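Hello,

Here is the structure I said I would pass on. My notes on it follow below.

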Amino acid sequence: MDRRDSNSPVGCMHASASDNDMEGHFSAATTQPSSPRSFLRAGSPQMKNAPWVQVQDRLLKFAEEGDADVDACGELVSCQIAIERFLHGNKDNVEKAAQQMRAHFRWRREERIDCVIHEDFSDLETCEELYWAGKDLGGVPTLTWILRNHDPGRTPPARFVRFLVAQIERGLRRETDYPNSRFNIFVDMEGVGLGNNDGDMIKILQKTLVQNYPKIRKGLYVFPVNWLIALLWESILKPLLSTLQPDINDKLSPLRGEYLPQLLRKYDISQIEEKFGGGLDLVAHVPAPFQPYAQRSLSAMRREHEAKQVFGQAALTASKLAKEKASREHGTPTSPLRRRVAPVPGWIEPDSSSSDSSGSGGEEDKGRAEDGASGAGMRRWRVPLAVAVTAACSRACGLGGLPLAACVAAGTAAYLALSKVVIATLVRPRRRGGRDAEAILARLRGEAAA
């Protein structure tokens, strides 16, 4: 096929993308995960025996052995539908399907298929020989080939095949399920003669379509079929047209007689061109824009998977630390210490807003200030309540002969002493634990970002 100069803007753009992908291709120095395929799927034992999984395993092995072309096409290697297309095209032969996909990836790089839609074929487009028209009832687009407009001497066979590949790619890139989009082909045989025969082009075209576009052609409709075409169908025309549809011969449909009623079984009349008896005006028809598509390399997909694992582990650790912090702050029903402490009236509670703030230069001073403020931070109304409760308890225990002032003084002294014990045993360790948890979480976030 015709190859463009690598100094062209399209060629340079593709080359830079390929170089970036190839920098991280599989090598012996690459950090290996627990399983070569763990970043693509987590398969069950039944799925591991599936033919498409066996093809994928072979492709991953090619990439690990240093095949940069396979590594660069990570989207296709990870796509079950794409693998099954090549697998069915090789009659479920795993080894042949893997080798064909490997050759397809090399073809995509060598022929710069990702950029072919932007190449200039204006000289061939003006001939109106090959173009996209309407869609069938299932929404599958249709590529129309006006065969009488083909001139073998207009351009070299390899360049025409590249033009046909560009047209196929342009149509399929407008579909959301690219590169597994399907398409139909209309072949208009009216006025076709021996001067339109191009055997050299057919040889290149057959190899290109069979090797690189298996199982995406839905139907091939050939019309009109007159007595001469019917006479030459089995001997000349069918083998030639089978080039466009080599893997599904049952969909090669010559439409004999009135072809419009036959097309209406598959198409709405608004999706059939006016020259074929329908209502589609190609001049007013605006094609859909290209859908965004970018290949990701297997190396990039692996790095993304490993980064997600690191962030996931960091998130689990942070969640665990947050639960432990909340448990220390609010207590749990099964904690015997909190069962003893919680009912005590006037208990000192730390200020959560002050314990959450942290600073690199003043954490110790802040801790001392908070400890000093803890006594003053008691609820003012709880002190007289504690005194009253102490006085009432003393009288209830038979100490009614003591003066009330002595009971108040004894209750206050006992309350202050108990407050110091609580601060030393619970409040300070809890603040220290909170600061330690924040430091651990910050370290984990830093490691994940690195």
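Helices (H or I, at least four residues) and strands (E, at least two) are DSSP runs numbered from the N terminus.

This is a predicted model, where local features need pLDDT of at least 70, side-chain atom pairs count only at pLDDT 80 or more, and totals for chains, interfaces and linings use all residues. Residues are numbered from 1 along each chain as its sequence is written, and side-chain values use heavy atoms, with hydrogens and water left out.

Helix H3 covers residues 51–64. Its 14 residues should span 20 Å at 1.5 Å a residue, and its end C-alpha atoms are 20 Å apart, which agrees; the expected span is 1.5 Å times one less than the number of residues. Among the buried residues of H3 are Trp-52, Val-53, Gln-56 and Leu-60. Buried means under 20% relative accessible area, exposed over 50%, partly exposed in between (1.4 Å probe, protein chains only). Buried residues make up 39% of the 450 residues in the protein chain.

The protein chain has 18 helices and five strands. Two of the helices, H9 (residues 157–172) and H10 (residues 199–212), pack at an angle of about 40 degrees, with axes 9 Å apart. Axes are lines fitted to C-alpha atoms, for helices over the stretch in contact, and angles run from 0 to 180 degrees between N-to-C directions. In H9, Phe-160, Leu-164 and Ile-168 are among the residues that meet H10, where the partners include Met-201, Ile-204 and Leu-205. Contact means heavy atoms within 4.5 Å.

Regards
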